[in-house]
Amino acid sequence: MNRYYPFTLPLITVAVLLCSAMNGSKSLSQPVALNLNILPNGNHRFCSQQPKSSNVAPPDAIIGDCFLFRKQGNQVVGTYYDTRTLGEESLCLQGTFKDRFYGEGLEIIRGIGRQSIPAKAQGSRLVNWDKEGILQVAKAIPFGKGTRFGQPIRYRQAIVDFKRLYPYNLGNELPPTRCLR
């Protein structure tokens, strides 16, 4: 015999509405104001374009420039890439979180990516790596052996500004475990 508890259904309804209201208050039209120091350890993905819904399923719905990374304490290793080039333009980054990501990176030259070190990136002044200016780089030098497509580039200074990035779910893709040896 089933018992009917008169308060059970209203409490469940209130809980569902409360959770919806809390999640609904986080507008998808604004990037998340994120304290990177309290971001939990683990794998994360943030992208420059607003997700079409809160339940984005990779890889089809991920758009813009993305930073897929692993955080352990304040140490970070990840890949910053342009989804429009199917990963042909990407930079492996490693460094630390403070109020932003600070570190260095390695750009592996592929078929449609850069063919040589950008002249402005060789100096100590930060320049935009991407069109949106979310990733800035400086102190570029050749790295390792060149390939038939070009010379890998090491940026001894890289900064990712999270103020214009949106959180995405991780999907099946995992970040690299290291970039520079």
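**Notes on a predicted model**

Reader: What's the relative accessible area of Lys 139?
Author: The value for Lys 139 is 31%, so Lys 139 is partly exposed. Buried means under 20% relative accessible area, exposed over 50%, and partly exposed in between, with a 1.4 Å probe and protein chains only.

Reader: Before I go on, where do these values come from?
Author: This is a predicted model, in which local features need pLDDT of at least 70 and side-chain atom pairs count only at pLDDT 80 or more, while totals for chains, interfaces and linings use all residues. Residues are numbered from 1 along each chain as its sequence is written, and side-chain values use heavy atoms, with hydrogens and water left out.

Reader: Back to Lys 139. Which strand is its place in?
Author: Lys 139 sits in strand E7. Helices (H or I, at least four residues) and strands (E, at least two) are DSSP runs, numbered from the N terminus.

Reader: And phi of Lys 139, positive or negative?
Author: Positive: phi is near 60 degrees at Lys 139, a residue other than glycine. Most residues other than glycine have a negative phi.

Reader: What does E7 pair with, and over how many bridges?
Author: E7 (residues 135–142) pairs with E8 (residues 153–160), antiparallel, over seven bridges. Two strands count as paired if DSSP finds at least two bridges between them. Within this pair, Val 137 has Ala 158 of E8 as its bridge partner.

Reader: Zoom out. What's the strand order in the sheet?
Author: The sheet is open, has nine strands and runs E6-E7-E8-E5-E4-E3-E2-E1-E9, with antiparallel pairing. Strand E6 (127–128) and strand E9 (166–168) are at the edges with a single partner strand each, so one side of each has no neighbour in the sheet.

Reader: How many helices and strands in the protein?
Author: One helix and nine strands.

Reader: New topic. How many disulfides?
Author: Two. A disulfide here is a pair of cysteine sulfur atoms within 2.5 Å. With bonded cysteines counted along the chain, the pattern is 1-2, 3-4.

Reader: Start with Cys 47. How far apart are the sulfur atoms in its disulfide?
Author: The sulfur atoms of Cys 47 and Cys 66 are 2.0 Å apart. The S-S torsion of Cys 47 and Cys 66 is about 110 degrees, so this disulfide is right-handed. The pair links distant parts of the chain, with Cys 47 in E1 (residues 42–47) and Cys 66 in E2, 19 residues apart. The two cysteines are also bridge partners.

Reader: Is Cys 47 buried or exposed?
Author: Buried, with a relative accessible area of 0%. Cys 66 is buried too, at 0%.

Reader: What does Cys 179 bond to?
Author: Cys 179 is joined to Cys 92, S to S 1.8 Å. The torsion about the S-S bond of Cys 92 and Cys 179 is about -75 degrees, so the disulfide is left-handed.

Reader: Now the inside. Which residues touch the most other members of the largest nonpolar core?
Author: Phe 67, Leu 93, Leu 135, Val 137, Val 160 and Phe 162, out of 25 residues in that core. Strand E2 (65–72), strand E3 (75–82), strand E4 (90–97), E7 and E8 each supply at least two of its residues. E8 gives the most, with four. Apart from this core lies another, of eight residues, including Ile 62, Leu 68, Tyr 166 and Tyr 168. A nonpolar core is a set of buried Ala, Val, Leu, Ile, Met, Phe, Trp, Tyr and Cys residues joined through side-chain atoms within 4.5 Å.

Reader: What is Leu 135 in contact with?
Author: Leaving aside neighbours within four places in sequence, the contacts of Leu 135 include Tyr 80, Leu 91, Leu 93, Trp 129 and Val 160. Contact means heavy atoms within 4.5 Å.

Reader: Last one. What does the accessible surface of the protein come to?
Author: About 11,100 Å², of which 56% belongs to carbon and sulfur atoms. Accessible areas come from the Shrake-Rupley method with a 1.4 Å probe, and for residues only the protein chains shown count as cover. Of the 181 residues, 37% are buried.
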